[in-house]
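Please open the model in your viewer and keep the sequence panel beside it. The tour below moves from one selection to the next and says what is there at each stop.

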Amino acid sequence: MDKRFLTSAFLFYVCIVIVSSSWSRNHVALENNQYNNVLIAINKNVTYDQEIINRIKEIFTSGSSRLFEATNSRAYWKNITILVPKSWAHRPEYEVVKTESFGRANVVIDTPNPRYEDNPYTKQLGGCGEKGEYIHLTPRFLLDKTRSEYIWGPMDKLLVHEWGHLQWGLFDEYSTDETAAFYAHSNQNVEATRCSLAIKGKYINIDTQKDCYLDPATGVYQSECAFFPYTAGQRATASIMYGQFIETVNTFCHSDPSDPLGYHDVEAPHKHNILCNYKSSWDVMLESSDFKDGNNPPLASDTDTTPTFRIVQPTDRRVVLVLDTSGSMSGDRILQLLQASTYYLLHTIDEGSYVGIVEFSYSATVLSELVCIVNEQSRADLVALLPTYANGGTSIESGVLKGIEVLSRGGEDPAGSYVLVISDGINNDPTGISGILDDVKNAGVIIDTIAFTDHADYDLKKLSDVSDGIFYYFDGKEDISVLNDAFTATVTSRPDLSIQDLPITLYSEGLVIVPYGAVNGSVYIDSSVGLDTIFSFSWINNDRIQVFLKMPDGQLLDPSLYNTDVTSKTITIGIDGTAMIGRWEFRVVGSRYSDVVTVNVQSKKSSEEEPIEVLAIVGDPSVNYTGGNPNPVIYAIVTQGYLPVINVHVTAIISGPSNTVIEIKLLDNGASADITKNDGVYSGYFQEISGNGRYSVTIKVDNSAQTAAVNAAKSTGSLPIKPDTSNNELPVYSPPGMFTRTASGGAIEVSGYSYQANDVVAPSRISDLSVLETSYSEEKVVLQWTAVGDDLDRGNASRYELKIAKSFSELQRNFSSASEIQNDDIIIGNITIASPPGVVERITLKVSAGGQNATYFFAIRAYDESGNAGAVSNIVSANMQYIPPIPASVNSTDLINATSIFDTTYYVTITDATSLANPTNYTDRTTYSTKSTNSTGSTNLTHSTNSTEPAHNSTNTENPLITTDVANPTDPANSPESTYFTKSTNPTGSTNVIYSTKPTEPAHHSTNIKNPVITTNLASPAANSPESTHPTEPAHHSTNSAANPTYLTNTIIDHTNFKFSVTPTKYLNSKKPVITTKFPKPTDPANSPESTHLTEYITPATLTSPNSKTDPTNLAYTTVSYNPTKVVRPTESIKEANTVLWAAVGVVLVITVSFAVILFGVRFCKKNNKIENQPCSPINGDDTREIVDEHCV
């Protein structure tokens, strides 16, 4: 669509929250045709409303039946858990949570994502066939059923659509921001992107609500056109991934040609085809574990699909630290454990939480029962109980069971509580970790584990896997920043358990200091953080170090605020109140020995704005090389609330068993590992695996260059019934300011590794090949794509192989034998040299135009220097037939008596009459588009050609020709070049107060009347303006009345500033002029709507050239439009507030159709000929005739 929007300022303050995870979402599997573990979670910010629970049950119950039908009786929802927030008052039916949490939910009920508003959507990170993250529904979507089904159709079918994204890794089968709305098909037609082609509909210009035309510049329909599927009279049965609102559509597109009503269109350029390599949705589903190899065969059609619901609620956060004090932990390791545990207890765990401590070696000992964190003293008391000595063997299972015992004291249910296990050794107990896994599951506790060095027991991860906990890895080096980050993430990854703001990690680094040396560093504290700021410095080798901290104003912080703990070798500096905004600098001075000082800076947000979050996710934390060469993907999701933060530098730092540190740049460009551009998800392949073992992952986000922006551009989730009701706003990008952050990404365990001596890794598949432009006259096509790497997304590819064909199937099935584009065929660009990955490539190539079968198809792939070829790209098409220019003429009936909010091509709907007194620019929705091209605000008095004389009147001309010396005009209201400009009582900003007959009276405006009757004292004119030909007649034209700005009485029907009559059938002159509201570059001042001879209506035959100087007075009132620029649509509020006008539109359309049928009698169409832009008779919604091959407009 052609998106013309109002730009608005988006102001916010920024803070950073590091929320990191390497665990997957709640796992949902299909067993015996039933989904038994679906988790729906309501956010703590959602106000209690029992109707939300009722509506969830209602739509998932009916949706289960829809799912059963859509999967051919093979799947339905059986057991569903609803997690309500801790902030809701407890009710008897609420059970205690076990492992459920908001951060792991499959479906979230939360406040709207500003990009989608109430439009349901599914967050997806991975490619085709990979499960999504979550479905997002809003309270309004659930509660306002009438509105939701009016926009998106049946709510239960929409759930099935989103489930396709979430469970089977399907993608939308309609056009999105990244994919084309129309394409040239092999059948020689231009089609709308959809599945299946059996879906019928009409192509409509959503600006004018009129017919669409093919665009000669692209070969397909105009960008402002949309395909409106008929909601009735359809026969198509698929696809739910396209139009769930169509009554007959109840299943997914398939690859069975014997069923054309649901047959998959491989040529449609939607995201599913692009990412799934043209497989149908049903074929992708059949490859999932749900249905693969005949799993879960069809059940009887009368199977009861009603699900059961369980409601759970979290309690207070309860945590037991289970710390390894075996002999292998002695020395530096027990000190590092003490440092990290102390920081966690003093500064990380939130007030109101309950914490206990257990140590284990050969056996386990309780150091502290559960203690509620209520103040600084309770924190200090727990720190005093931390172990400082290590000796003995390792019995991990003893420690775990003792932790569960602490959580069960006094008959308490341990379910939903947390155990944090840290160990560096191999388990010595014969029972082993595997022997207690059932105990862990029965207790319902969540176990987070930290493997302290790569020598830690490899069964540790099993404890986290069976309990839905988090697994981390610390390599045991002197820098404990990774260990600190792991401790912190166990709290900050579960914010739904907290009633207060959690700490935000601003800086976490290990700094190396030589003997008696010094090192400097800095951290930036922005305006939304600074509350409870803590600087922490910990070290290993020396007895003491020195720290100096300088504030942004250049003053050194008072040393009395420093707190030195000799036992844990830590200096802590707390900043009272809110820390000063700006860069804080620190200097660390060492002593006798070389050392590594770990610096950690955290703070809490100090404003009401949403913080920026960094969520780190390892796509697969368990990598097995047996039988393949896997390349796990690492993701970093950078957002402010739900809004993506884009254009920031994101790096994954990976430390492995060989002690090498690897840096991987993650990109958000929609190429290679990244599936969607500018969604805040930064992705990259981890290819540098060097052997079996554990690899720690740390994400660093750096906006020191201040290139980042918060992406508030609107996006579309589920397809609405009417394309013009989708989100359609101008992208808004707001800079968040400077920040640098670090997040732990958890750990990866590698097994079955074998070294590959040769280069066997090919470049990534190019997935965003597109046709930017076609030209019949110049016989050229412009193609564009994003460069990929030599090995997937790493390094530079060597060259490209670009193929051309006359059919889609030739490139899809036999790419190698298709005709290759040579460099000699390229007008601009070069395919023998590849740019670095992420760079946008563009070429212009020579292509023959015209003739029969003038649709061409293109595909490309990249090669590396070893001859490895990447997969073939998506296939694109170019229509090279002759297409006549889009007609520029309009009928007077299009522009007069407009009563519909949809007649927006040449009109502007006024929403607030008072705003017209001070127009700002012609794109302002609440002012006239014809007012001014000058954004400074003075609309009419700025276009003087002589700076020493009064400015002249030119209301909508960008480059007016002003006659500067009309000394004796024949008519004081005859021309903008009147000498009476100087007689205005308000010459500095009022629009049209220039035609006064007396300099001492309020100036009046008579713009269009050759012999005006000036009424000088209209205190209360009928339409609030003195521009009437007769004082007793309702006034027609008033662009900006300074005296009475509230002059519009019928703003809905007065769509332009040329006929503001209270009676819309009256006209300013005796004839019916055709009004053109805006000329982008008129060459005559009379192009202004303030032309004097409105009564001298010029017919099309009179005016041969719309920009001719020979017609100085009437160029604004011709039937030929001089390339008018269309104005903005009415605001969404106007659409919603005036739904009654839909009926008016229908009446107008019916009359027009009837007139066309009577007048012409036949339908002017050419079958199988897309080069004719001829009108069609409308097709009713119940018309089931084939229209796929008809290209009338």
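Is C372 buried or partly exposed? Select C372 to begin: at 25% relative accessibility, this cysteine counts as partly exposed, where buried means under 20% relative accessible area, exposed means over 50%, and partly exposed is what lies in between (1.4 Å probe, protein chains only).

Before going further, note that this is a predicted model, in which local features need pLDDT of at least 70 and side-chain atom pairs count only at pLDDT 80 or more, while totals for chains, interfaces and linings use all residues. Residues are numbered from 1 along each chain as its sequence is written, and side-chain values use heavy atoms, with hydrogens and water left out.

**The whole chain**

Display the chain as a cartoon, and you will have 15 helices and 49 strands in view; helices (H or I, at least four residues) and strands (E, at least two) are DSSP runs, numbered from the N terminus. Of the chain's 1193 residues, 57% count as buried. If you consider contacts (heavy atoms within 4.5 Å) between residues at least 6 apart in sequence, 72% of them join residues that are at least 24 apart.

Two strands pair if DSSP finds at least two bridges between them.

**The helices α7 and α8**

Now move to residues 332-348, helix α7, and residues 376-383, helix α8, whose axes come within 9 Å and cross at roughly 170°. Axes are lines fitted to C-alpha atoms, for helices over the stretch in contact, and angles run from 0 to 180 degrees between N-to-C directions. The crossing makes α7 roughly antiparallel to α8, a label given to angles over 145 degrees, whereas those under 35 count as roughly parallel, 65 to 115 as roughly perpendicular and the rest as oblique. To see the contact itself, show the side chains of T342, L345, L346 and H347 in α7, together with those of R379, A380, L382 and V383 in α8. These contact residues divide into five nonpolar, two polar and one charged, where Ala, Val, Leu, Ile, Met, Phe, Trp, Tyr, Cys and Pro count as nonpolar, Asp, Glu, Lys and Arg as charged, and the others, Gly among them, as polar.

**The disulfides**

How many disulfides does a search of the whole structure find? The search finds three, a disulfide being a pair of cysteine sulfur atoms within 2.5 Å.

Start with C128 and C276, which are joined with an S to S distance of 2.1 Å. The torsion about their S-S bond is about 105°, so this disulfide is right-handed. Because C128 lies in the loop between β9 (121-123) and β10 (134-137), and C276 in the loop between α5 (271-275) and α6 (281-286), the pair ties together parts that are 148 residues apart in sequence. C128 counts as partly exposed at 27% relative accessibility, whereas C276 counts as buried at 3%.

Continue to C195 and C253, which form a disulfide with their sulfur atoms 2.1 Å apart; here the torsion is about -125°, so the link is left-handed. C195 lies in the loop between β12 (190-192) and β13 (201-205), and C253 in the loop between β15 (225-229) and α5, so parts 58 residues apart in sequence are tied together. Both C195 and C253 are buried.

Finish this group with C212 and C225, whose S to S distance is 2.3 Å and whose link, with -130° about the S-S bond, is left-handed. C212 is in the loop between β14 (210-211) and β15, while C225 is in strand β15. C212 is buried, with a relative accessible area of 1%, and C225 is buried with 2%.

**A three-stranded sheet**

For the last stop, select β24, β29 and β26, three strands that form an open sheet in that order with antiparallel pairing. The edge strands, β24 (518-525) and β26 (546-550), each pair on one side only, and the twist averages 20° from one strand to the next. Five bridges connect β26 with strand β29 (residues 582-589), and Q546 has V589 of β29 as its bridge partner.
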